[in-house]
Amino acid sequence: LAKENEREPGQIDTLLEQLGKIPSADTPSERAFWVGALINPIPAMGVATEIRPALLTARTAEERVQIALNGILSSIQNMSEP
């Protein structure tokens, strides 16, 4: 779905290359920030709710993971709508 919403061809592949490997599940905050960068890239694709401010102000890793998960689910829903 994400590749169907690219602003330019190869945007997702370039973003994944720039982000590098997803952080280990043993580092949940780092993984949540990685997800935030993936679903809220600059330049924006316009399909995901902005979650970066919420990630930065969350107080616990559990909150960050939940924000990232909600962001993924919201993004999928937005891309699935006609």
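Predicted model: local features only at pLDDT ≥ 70, side-chain atom pairs only at ≥ 80, totals over all residues.
Nine residues make up the largest nonpolar core, namely Ala32, Trp34, Val35, Ile39, Ile51, Leu55, Ala58, Ile67 and Ala68. Two elements, helix 2 (28-39) and helix 4 (61-80), each give two or more residues to this core, and helix 2 supplies the largest share with four.

Helix 4 deserves a look of its own. From first C-alpha to last, its 20 residues reach 29 Å, close to the 28 Å expected at 1.5 Å a residue. Arg64, Ile67, Ala68, Gly71, Ser75 and Met79 are the buried residues of helix 4. Viewed down the helix axis, these buried residues fall within an arc of 100 degrees, so they line one face of helix 4. That buried set packs against helix 2 and helix 3 (52-57). On the face turned away from the buried side, helix 4 carries the exposed residues Glu62 and Gln77.

Turning to charged side chains, the structure holds one salt bridge. Its partners are Arg52 and Glu50, whose closest N and O atoms lie 2.7 Å apart. Side chains of opposite charge can pair when their charged atoms come close. Arg52 counts as partly exposed because its relative accessibility is 29%, and Glu50, at 40% relative accessibility, also counts as partly exposed.

Note on methods: Residues numbered from 1 in each chain as written. Heavy atoms only, no water. Salt bridge = Lys/Arg side-chain N within 4 Å of Asp/Glu carboxyl O. Buried < 20%, exposed > 50% of the residue type's maximum accessible area, 1.4 Å probe, protein only. Core = buried A, V, L, I, M, F, W, Y, C linked by side-chain atoms within 4.5 Å. Expected span 1.5 Å × (residues − 1). Arc of directions from axis to C-beta. Contact = heavy atoms within 4.5 Å.
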